[in-house]
Amino acid sequence: GSLYRVDWVPLAGTAPAEPPLVMLDDLRPDDAVPAFVLAHIDPVAAADVPTAVRAAAHRALGLIQAWLADERYAGARLVLATRGAMPAGGPAADLAQAPVWGLVRSAQAEHPGRFILADLDGSAMSDRALAGAVASGEPELALREGLTLVPTLASVPPLAQVTPPPWNATGTVLITGGTGGLAAHVARHLVTEHGVRHLLLASRSGPDAPGAGGLREELTGLGATVTVAACDVADRESLRALLGQVSVAH
């Protein structure tokens, strides 16, 4: 019955001896590969966030694929370091790097023990503490002013019961994907539990969708006025035309 959130807490235990941490770009073909190799996902200067996200993700993906393809790295771990991508000790500073964590987590699930995620804050203390932090064996780390933090689940205190505002019984509720199974449940709930009396069910197939006629009859029998319409809501003009058909009174 509890909800949980991710909290970042100090890493417990004694810090292990610092292993050699070598930059991936500094490794030559004939070098012995150390246990931990570091690669930075540097912030990208871009005109917009989507461009920066794509650049960071492509950089991380390229590193992951090259690491897995090279047999020299089979016994080593690649530490992918971001800066300000995680809200550890404060809000995330670089949202463009945050998706890198999701990408690397997928790689960690498919290849256990091959990758470590580390989020830095740009301080010299954190840079110096990184080698010792990765030796802990934790798959995810955040370093803030030299302090190593790890993610853990913490229970969320229950919220006070809040009475939701009532639905406007005279207004129209638009349900997109409105002829599907989930939409049918939502529509029934709105009519029976919230007193909604005007429904606009929109889907690409509209009235031709399997079961659309039966759903309309069922909801009408429950006291609602139901319109089933064919509309691709991703098409701006089609959606504008659909909404324009709703009567002013509703």
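What follows is a walk through a predicted model, starting with its sheet and ending with a few individual residues.

The open sheet has seven strands with mixed pairing, and reading across it gives the order β1-β7-β6-β5-β4-β3-β2. The edges are taken by β1 and β2 (21-23), each of which has a single partner strand, so one side of each is left without a neighbour in the sheet. Neighbouring strands are turned against each other by 35° on average, direction ignored. One of the residues involved is P10, whose bridge partner in β7 is L149.

Helix α1 (residues 49-69) touches β3 (36-40), β4 (77-83) and β5 (115-120), and its direction makes about 170° with that of β4. Helix α2 (residues 98-110) also packs on the sheet, with β1, β4, β5 and β6 (140-144) as the strands it touches. In this case the direction of α2 makes about 160° with that of β5.

Back in strand β1 (residues 3-10) sits Y4. With a relative accessibility of 52%, Y4 counts as exposed, because the cut-off for that class is over 50%.

A39, in strand β3, tells another story. The relative accessible area of A39 is 2%, so this residue is buried. Leaving out residues up to four places away in sequence, A39 touches L24, L63, L78, V79, L80 and A81. A39 and M23 are 16 residues apart along the chain, yet their C-alpha atoms lie 6.0 Å apart in space.

S126 is another residue that is hidden away: it is found in helix α3 (residues 124-134) and is buried, with a relative accessible area of 0%. Once neighbours within four places in sequence are set aside, the contacts of S126 are L120, D121, L143, R144, E145 and G146.

Then there are the charged pairs. Side chains of opposite charge can pair when their charged atoms come close. In this model the count comes to eight salt bridges, and a few of them are described here. R204 and D232 meet in one of these, at 3.5 Å from N to O. R204 lies in the loop between β9 (198-203) and α5 (212-221), while D232 lies in the loop between β10 (225-230) and α6 (236-244), so the pair ties together parts that are 28 residues apart in sequence. As for how open the two ends are, R204 counts as exposed at 66% relative accessibility, whereas D232, at 30%, counts as partly exposed.

A salt bridge also links D31 with R28, and here the closest N and O atoms are 3.4 Å apart. R28 counts as exposed, at 53% relative accessibility; for D31 the value is 23%, which means partly exposed.

Finally, E237 forms a salt bridge with R240, with 3.4 Å between the closest N and O atoms. Both residues belong to helix α6, and because they are three residues apart there, about one helical turn separates E237 from R240.

Key. Residues are numbered from 1 along each chain as its sequence is written. This is a predicted model: local features need pLDDT of at least 70, side-chain atom pairs count only at pLDDT 80 or more; totals for chains, interfaces and linings use all residues. Side-chain values use heavy atoms; hydrogens and water are left out. Helices (H or I, at least four residues) and strands (E, at least two) are DSSP runs, numbered from the N terminus. Buried means under 20% relative accessible area, exposed over 50%, partly exposed in between (1.4 Å probe, protein chains only). Two strands pair if DSSP finds at least two bridges between them. Axes are lines fitted to C-alpha atoms, for helices over the stretch in contact, and angles run from 0 to 180 degrees between N-to-C directions. Contact means heavy atoms within 4.5 Å. A salt bridge is a side-chain nitrogen of Lys or Arg within 4 Å of a carboxyl oxygen of Asp or Glu.
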